[in-house]
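The structure comes first, then the details.

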Amino acid sequence: MDTKPPVIDVVAGVILDSKGQILACQRPAGKHMAGKWEFPGGKVESGESPDTALVRELQEELQVTVSITGALSIVPWDYGSVRIRLIPLLCEIESGDPRPTEHTQI
């Protein structure tokens with residue numbers, strides 16, 4: 001009997017600016033891995049493509065519109081109680097200035 005939890009698809013946006021700098025966000029207090037830095041993103045909802053999920057998540061989390069410019073290697077990860085398939089996507093901000101709505105700082 002397989003007792004492992006199901007795998008959750010999670011997208012992460014690797015946002016590069018014109019200087020080659022990468023945007024990272026600090027997780028807020030009260031959340032798993034609070035205070036740690038991450039690429040913004042989140043869970044892929046049922047019926048969503050990873051690209052669509054990332055565009056939605058970055059609009060919600062940073063109030064920006066992005067275009068997907070590429071993809072990096074998918075990374076499976078097992079936290080023990082949760083297993084994810086991290087889907088990192090390269091993207092550029094098309095409109096808006098990043099403002100954290102869920103993170104402590106960016």
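Beyond its neighbours within four places in sequence, V55 is in contact with V66 and I68. This is a predicted model. V55 sits in helix α1, which spans residues 50-62. With a relative accessible area of 31%, V55 is partly exposed. S81 is 26 residues from V55 in sequence, and the C-alpha to C-alpha separation of the two is 27 Å.

R27 belongs to the loop between β2 (25-26) and β3 (37-38). R27 counts as buried because its relative accessible area, 19%, falls under the 20% cut-off. The side chains of R27 and E38 are joined by a polar contact of 3.0 Å. Leaving aside neighbours within four places in sequence, the contacts of R27 include H32, M33, A34, G35 and K36. H103 and T104 are also among them.

The two residues are set out below.

| Residue | Relative accessible area | Class |
|---|---|---|
| V55 | 31% | partly exposed |
| R27 | 19% | buried |

Now the core. The largest nonpolar core has 14 residues, and V11, I15, L54, L58, L62 and C91 touch the most other members. β1 (7-15), α1 and β7 (83-95) each supply at least two of its residues. Which element gives the most to this core? Helix α1 does, with 4 residues.

Neighbours within four places in sequence aside, C91 is in contact with G13, V14, I15 and L16, among others. L54 and L58 are also on the contact list of C91.

Definitions and conventions: Residues numbered from 1 in each chain as written. Predicted model: local features only at pLDDT ≥ 70, side-chain atom pairs only at ≥ 80, totals over all residues. Heavy atoms only, no water. Buried < 20%, exposed > 50% of the residue type's maximum accessible area, 1.4 Å probe, protein only. Contact = heavy atoms within 4.5 Å. Polar contact = N/O pair within 3.5 Å; in protein donor to acceptor, adjacent residues only side chain to side chain. Core = buried A, V, L, I, M, F, W, Y, C linked by side-chain atoms within 4.5 Å.
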